[in-house]
Amino acid sequence: MSTVVIQPTGISPADVLAVARGTAKVVLDPATVEAMATSRSIVDGIEAAGRPVYGVSTGFGALANTFVAPERRAELQHALIRSHAAGVGAPMPREVVRAMMLLRVRSLALGRSGVRPVVAEALVDLLNHEVTPWVPEHGSLGASGDLAPLAHCALVLLGEGWVLGPAGDRIPAGDALRRVGLEPLELAAKEGLALINGTDGMLGMLLLAIHDARHLFALADVTAALAIEAMLGSERPFLPELHAIRPHPGQAASAANIHKLLQNSAVMDSHRDDLAHAVQDAYSMRCAPQVAGAARDTLDFVEVVAGRELLSVVDNPVVLPDGRVESTGNFHGAPLGFAADYLAIAASEVGAIAERRVDRLLDVTRSRELPAFLSPDAGVNSGLMIAQYTAAGIVAENRRLAAPASVDSLPTSGMQEDHVSMGWAATKKLRTVLDNLTSVLAVELLAAVRGLQLRAPLAPSPAGRAALAALGEVAGEPGPDVFLAPLMEAAREVVRGPELRAAIEREVGPLS
């Protein structure tokens, strides 16, 4: 079991993954506790002086000019959390909520939010005791960050709201805290606002999506190479000198992967000097690196944006070391919303070109002597005909989801928040696009394996052999039609997991 130490300088994407998806424990570095205590002392001084400061001695949003008496400021913070925990819908996945809580701890730990260390420690306790708040999917506009989702997390600290049960059920937060021996937290001035004013939900989803996209884009090169091999395509378009003259780094990396994957194949050797096969392949084969490579370059940009956000103080107001408390707009989710929408477009097209290769594999007029729909007895049997329908339907959905959320804005809070980012929606739908891409690549993997099986007795590439081994037990040999859904689910798990890539890399060396 690993441990993630929260430093006053922040955390890494790997730390977020270790806590969100793993079993890593979280601890606060003593320097972090000191930074928060120093920041809190400034807020205490402001309170003692009676100065009007947004969120400390005033209301919120459109109520920013409403003065709140000192004796009611703790009540103000609790009321803020209760009123802002106004989401509806199905619960967000455990990994998203855990990422969001860890990132809020990270933001508080930077020492610019003016909260007592006990507030961050309370969030850490939830993580370490695996108490996961029930956070509904709808509620955030990415305006002052993810107000409603973070409020549902903060409400659990007060012993109120709901917690995600082990079976996905909803249980009262008070019961969950008592079960693990935790006490509800009493908030002081500024602390409720500091718990909810941030981009932690959308940043958490973006970091998880970056990790998943990096894996899927590499697997897209694998499934493309297998499909090209099964269709007796040419390896010549992937020669490195052809990509050096158009120096997009993602394109070069993708082409190098595909070229490497097509080596040492009797299937490829069988037609290497056959001009009918080697003159020029269709775009979905020949241009695979140009599309997947552009997606890789998009991902690199998105990773830079997320990395900057991990270093950012995202709160309002912020407490500066010189004692000033200043209002900011750093909670606005535009940088993350734009990045998520851009990556959704790229991932959608990786799936779209993969589906075109599936269609070509199944079409007897274009698949270069493979039987119709990859069935040895087409007519009575339909082979993978409807698997391609499924892939096409998913591609169509991804195109709808690729429409950017970040160009939308609905004003709220009496026109105080008159432009919002929709970053939560952008990152949430990005995760759906990537899950859909997993399914499309699974269909391509299954079709390519069937195609390579039908090329027997010609031996496939090492990548082909690894794919046949990974799917062989469930897919069997080409023959009469079978119940396809379990095969497609098995292929999804192969695409999602690390084993296929690891097996291929043991044979051909590292993929980019």
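**Cysteines**

I began with Cys153 and found that it counts as buried, at 3% relative accessibility. For my own reference, buried is under 20% relative accessible area, exposed is over 50%, and partly exposed is in between, using a 1.4 Å probe and protein chains only. Cys287 has 22% relative accessibility, so I put it down as partly exposed. How many disulfides does the structure hold? I get 0 disulfides, taking one to be a pair of cysteine sulfur atoms within 2.5 Å.

**Ground rules**

I am reading a predicted model, where local features need pLDDT of at least 70 and side-chain atom pairs count only at pLDDT 80 or more, while totals for chains, interfaces and linings use all residues. Residues are numbered from 1 along each chain as its sequence is written, and side-chain values use heavy atoms, with hydrogens and water left out.

**The whole chain**

Next I stepped back to the protein chain, which has 21 helices and 8 strands. These are DSSP runs numbered from the N terminus, helices being H or I with at least four residues and strands being E with at least two. The C-alpha trace spans about 85 × 50 × 40 Å along its principal axes. Of the 512 residues, 56% count as buried. I also looked at contacts (heavy atoms within 4.5 Å). Among those between residues at least 6 apart in sequence, 79% join residues at least 24 apart.

I then went to Asp200, which sits in helix α9, residues 200-230. Is Asp200 buried or exposed? Its relative accessibility is 1%, so it counts as buried. With neighbours within four places in sequence set aside, Asp200 is in contact with Met100, Leu103, Arg104, Ser107, Asp146 and Leu150. With Arg104 there is a side-chain to side-chain polar contact at 2.6 Å. My rule for a polar contact is a pair of N or O atoms within 3.5 Å; within protein, one must be able to donate a hydrogen and the other to accept it, and residues adjacent in sequence count only if both atoms are side-chain atoms.

Since 15 of its 16 residues are buried, α4 is largely enclosed by the rest of the structure. After α4 comes Gly111, with a positive phi near 75°.

His215 is found in helix α9 and is buried, with a relative accessible area of 17%. Beyond four places in sequence, it is in contact with Val495, Arg496, Gly497 and Pro498. I also checked Gly476, 261 residues away along the chain, and its C-alpha is 26 Å from that of His215.

Last, I looked up Ile394 in helix α17, residues 385-401. Ile394 counts as buried at 13% relative accessibility. It touches Asn436, Ser439 and Val440, not counting residues up to four places away in sequence.
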